[in-house]
Amino acid sequence: MRSFQILDTLGFMKKLLTDDAFDTFLLSEASITTFATFQIDGRFHPDYFNTAEQEQLSAEKCGFTLWKRVRPFFFELTRGKHTPLKFRVVFRLAPYNVEKLISQSGLSIQADQVDGLFLNINFDGKALCCVSGVSMKLFALDKTLDHAWDDMLEKFFRHEQIPFLIE
């Protein structure tokens, strides 16, 4: 687990809400407090769509929706004269990207042993912090996946030109 203190809140918010930087992440959950608190459950409901649309949404068959589907709604909740009092977004890495990370890192674990690789984004009204997390389906003392995930997020932030400090 690594904590990234985001140094440019406005730049990060632009990437989160108007750019496609985070669009391939799955949304686990989100909440935002403005004049009221809004909560979003990222669980995907394929029955909402017709058969043709369901076939096009193959990336979301893991049970959670892509951030790019929710981003416009979340953006609307942040618009206005006032900054949100707080918000929290929990992303998870898509299963095919978990497999890719395991493969590229040369790890000996199986992707089906991983419950999720998470990125928790927290804004408290002043500061913005991102915290990584790993959830395994079984107990393991080996933390190489945690380190690989932390390193991948650090590379992601650098690639997206998101300035940060590691806390």
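## Close-up views of a predicted model

**View 1. Strand E2 is largely enclosed by the rest of the structure, because six of its eight residues are buried.** The model is predicted. E2 pairs with E3 (residues 37-41) in the antiparallel sense, over five bridges. A hairpin of three residues joins E2 to E3. Ala-30 has Ile-40 of E3 as its bridge partner. E2 also pairs with strand E4 (residues 65-66), again in the antiparallel sense, over two bridges. There, Leu-27 has Thr-65 of E4 as its bridge partner.

**View 2. E2 and E5 pair in the antiparallel sense over seven bridges.** Two positions show how the strands line up. Ile-32 stands opposite Phe-87 in E5. Leu-27 stands opposite Phe-91 in E5. Leu-27 also bridges to Thr-65 in E4. In a regular strand, side chains alternate between the two faces of the sheet.

**View 3. Strand E5 is largely enclosed by the rest of the structure, because five of its seven residues are buried.** E5 pairs with E2 over seven bridges. E5 pairs with strand E6 (residues 114-123) over six bridges, in the antiparallel sense. In E6, Phe-118 is the bridge partner of Arg-92.

**View 4. Asn-120 lies in strand E6.** Is Asn-120 buried or exposed? Its relative accessibility is 16%, under the 20% cut-off, so Asn-120 counts as buried. Which residues does Asn-120 touch, leaving aside those up to four places away in sequence? They are Arg-88, Val-89, Val-90, Cys-129, Cys-130 and Val-131.

**View 5. Phe-25 and Phe-91 form a stacked aromatic pair.** The structure holds 15 aromatic pairs. A pair of aromatic rings is described by the distance of the centres and the angle of the planes. For Phe-25 and Phe-91 the centres are 5.3 Å apart and the planes are at 25°, so the pair is stacked. Phe-25 sits in the loop between helix H1 (9-17) and strand E2 (26-33), and Phe-91 sits in strand E5 (residues 86-92), so the pair ties together parts that are 66 residues apart in sequence. Phe-25 and Phe-91 are both buried.

**View 6. Phe-157 and Phe-164 form a tilted aromatic pair.** Their rings lie 5.8 Å apart, centre to centre, with 50° between the planes. Phe-157 is buried, and Phe-164 is buried too.

**View 7. Phe-25, Phe-91, Phe-157 and Phe-164 belong to one aromatic cluster.** Other members of this cluster include Phe-4, Phe-12, Phe-22, Trp-67 and Phe-74. Phe-87, Phe-123 and Phe-156 are also among them. Phe-87 is the residue that stands opposite Ile-32.

**View 8. Helices H4 and H5 cross at roughly 105°.** H4 covers residues 95-105 and H5 covers residues 144-159. Their axes come within 10 Å. The two helices are therefore roughly perpendicular to each other. Which residues make the contact? From H4 come Leu-101, Ile-102 and Ser-105. From H5 come Leu-145, Ala-148, Trp-149 and Met-152. The contact of H4 with H5 has six nonpolar residues, one polar and no charged.

Definitions and conventions. Residues numbered from 1 in each chain as written. Predicted model: local features only at pLDDT ≥ 70, side-chain atom pairs only at ≥ 80, totals over all residues. Heavy atoms only, no water. Phe/Tyr/Trp six-rings, centres within 6.5 Å; stacked < 30°, edge-to-face > 60°. Helix = DSSP H or I, 4+ residues; strand = E, 2+ residues; numbered from the N terminus. Buried < 20%, exposed > 50% of the residue type's maximum accessible area, 1.4 Å probe, protein only. Pairing = 2+ DSSP bridges. Contact = heavy atoms within 4.5 Å. Axes fitted to C-alpha atoms, helices over the stretch in contact; angles between N-to-C directions. Parallel < 35°, antiparallel > 145°, perpendicular 65-115°, else oblique. Nonpolar A, V, L, I, M, F, W, Y, C, P; charged D, E, K, R; others polar.
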